[in-house]
Amino acid sequence: MHMKNLVLLGALSLLLGACSGYKYAAMPALEFQDIDYGFATQRTDGDLPLAYIDEGAGDQTIILIHGLASNAGFWRYAIPLLAEDYRVIALDLPGYGKSAKGDLPYGMAFYADQVVALMDALAIDRAVVTGHSMGGQIGLTFALNHPDRLEKLVLASPAGVEAFKPGEAKWLRNVFRIDDIVRSSEEVVRTNLNRNFYTWRDEYEWMVEERMRMAKGEEIEEFAYAVIQSVGAMLDEPTTDRLGEVTAETLIIYGANDGLIPNPFLHPGFTAKVFERAEAAMPNATLVEIPRCGHLLQIEKPQVFAGAVKAFLER
């Protein structure tokens with residue numbers, strides 16, 4: 001695959017685990033169930049088990065939804081900060097992390113329904129739904145489909161607010177194949193991950209190792225299938241034209257130096273403009289920009305991110 005295609009979706013490929021490279025090539029496989037998130041994980045019962053982290057306590061519950069090709073561990077720096085004042089639950093979406101995988105009907109509405117299923121399993125009536133990137137589009141879908149279960153909405157560098165024309169969507173849909181995801185090199189993984197940050201730090205190296213080693217695991221092809229289906233679902237279930245229907249109090253928070261939104265090849269322009277349009281379209285939205293910060297704001301600036309969320313919930 002041409003390098004332009006590989007970097008094109010940066011965040012939409014938050015990911016791509018790899019089984020080649022030079023630093024981790026000799027290391028053993030990392031099965032999805034063995035990934036260390038930094039917190040204990042639990043699983044729901046039933047036909048479609050969902051893995052989740054459950055930390056903290058408080059009158060309000062925050063549910064964290066990860067982005068494309070990532071997992072609940074991508075919230076590891078923000079969880080302890082938010083858990084100081086709230087109950088914080090970070091789930092693995094089906095097809096990702098330690099949750100069930102397979103031939104499932106992956107989609108934005110399907111994922112929103114799974115968040116409801118998790119809430120039901122944990123006897124949570126309403127929650128502050130917080131989504132990053134693809135998780136933001138799932139959060140928007142949740143707000144549209146399950147408004148009675150939503151207390152407030154937090155959209156962190158969200159997908160679902162940038163519109164794509166039919167031709168662009170068709171092109172984006174054809175960027176990834178399962179084999180490309182499974183066999184991406186370490187160099188490609190580093191390039192894609194680096195595009196998610198304003199400043200890459202050595203402490204983020206766990207993301208590279210995780211992707212390199214999990215690509216050797218037994219569930220990698222099921223994971224890759226979920227990633228590809230999720231990309232298609234983001235295009236097939238757009239929320240851009242329905243932002244005005246989201247009446248819940250909403251915080252939109254983004255990094256000023258997000259190199260992935262808007263799409264740098266199809267829609268070159270300023271990140272702020274995308275989210276300013278979203279704020280204008282939503283009747284109860286508040287917009288917060290984090291300076292010197294990229295797409296993975298909850299990792300690069302966790303204190304600022306958590307502080308903004310707390311201020312939003314406490315006002």
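A polar contact is a pair of N or O atoms within 3.5 Å; within protein, one atom must be able to donate a hydrogen and the other to accept it, and residues adjacent in sequence count only if both atoms are side-chain atoms. The model is predicted, with local features needing pLDDT of at least 70 and side-chain atom pairs counting only at pLDDT 80 or more, while totals for chains, interfaces and linings use all residues. Residues are numbered from 1 along each chain as its sequence is written, and side-chain values use heavy atoms, with hydrogens and water left out.

View A. The side chain of Ser-99 reaches two backbone atoms: the nitrogen of Ala-51 at 2.8 Å and the oxygen of Asp-92 at 2.6 Å. Ser-99 sits in the loop between strand S4 (87–91) and H3; helices (H or I, at least four residues) and strands (E, at least two) are DSSP runs, numbered from the N terminus. With a relative accessible area of 1%, Ser-99 is buried; buried means under 20% relative accessible area, exposed over 50%, and partly exposed in between (1.4 Å probe, protein chains only). Leaving aside residues up to four places away in sequence, Ser-99 touches Arg-43, Pro-49, Leu-50, Ala-51, Asp-92, Leu-93 and Pro-94. Contact here means heavy atoms within 4.5 Å.

**View B. Packing of helices H3 and H4.** Helix H3 (residues 108–121) packs against helix H4 (residues 134–145) at an angle of about 75°, and their axes are 8 Å apart. Axes are lines fitted to C-alpha atoms, for helices over the stretch in contact, and angles run from 0 to 180 degrees between N-to-C directions. The angle therefore makes H3 roughly perpendicular to H4. Angles under 35 degrees count as roughly parallel, over 145 as roughly antiparallel, 65 to 115 as roughly perpendicular and the rest as oblique. On the H3 side the contact is made by Met-108, Ala-109, Tyr-111, Ala-112, Val-115, Val-116 and Met-119, and on the H4 side by Met-134, Gln-137, Ile-138, Thr-141, Phe-142 and Asn-145. These residues divide into 10 nonpolar, three polar and no charged. Ala, Val, Leu, Ile, Met, Phe, Trp, Tyr, Cys and Pro count as nonpolar, Asp, Glu, Lys and Arg as charged, and the others, Gly among them, as polar.

**View C. Packing of helices H5 and H9.** The axes of helix H5 (residues 166–173) and helix H9 (residues 220–236) come within 10 Å and cross at roughly 175°. H5 is therefore roughly antiparallel to H9. H5 contributes Ala-169, Leu-172 and Arg-173 to the contact, and H9 contributes Val-231, Gly-232, Leu-235 and Asp-236. By class, the contact has four nonpolar, one polar and two charged residues.

**View D. Salt bridges.** The structure holds 12 salt bridges, a salt bridge being a side-chain nitrogen of Lys or Arg within 4 Å of a carboxyl oxygen of Asp or Glu. Asp-54 pairs with Arg-87, the closest N and O atoms being 2.7 Å apart. Asp-54 lies in strand S2 (residues 51–55) and Arg-87 in strand S4, so the pair ties together parts that are 33 residues apart in sequence. Arg-87 is partly exposed, at a relative accessible area of 22%. In a second pair, Lys-310 bridges to Glu-84, with the closest N and O atoms 2.9 Å apart. This pair links distant parts of the chain, 226 residues apart: Lys-310 is in helix H12 (residues 302–314), and Glu-84 is in the loop between helix H2 (79–82) and S4. Lys-310 is buried, with a relative accessible area of 15%, whereas Glu-84 counts as exposed at 55% relative accessibility. Lys-23, Glu-186, Arg-190 and Glu-205 are linked in a network of salt bridges.

View E. Most residues other than glycine have a negative phi, and most peptide bonds are trans. Ile-261 and Pro-262 are joined by a cis peptide bond, with omega about 0°; Pro-262 is in the loop between strand S7 (250–255) and helix H10 (271–281). Ala-69, a residue other than glycine, has a positive phi near 65°. Ala-69 lies in the loop between strand S3 (61–65) and H2 and is buried, with a relative accessible area of 2%. Arg-292, also not a glycine, has a positive phi of about 50°. Arg-292 is found in the loop between strand S8 (285–290) and helix H11 (297–300), and is exposed at a relative accessible area of 53%.
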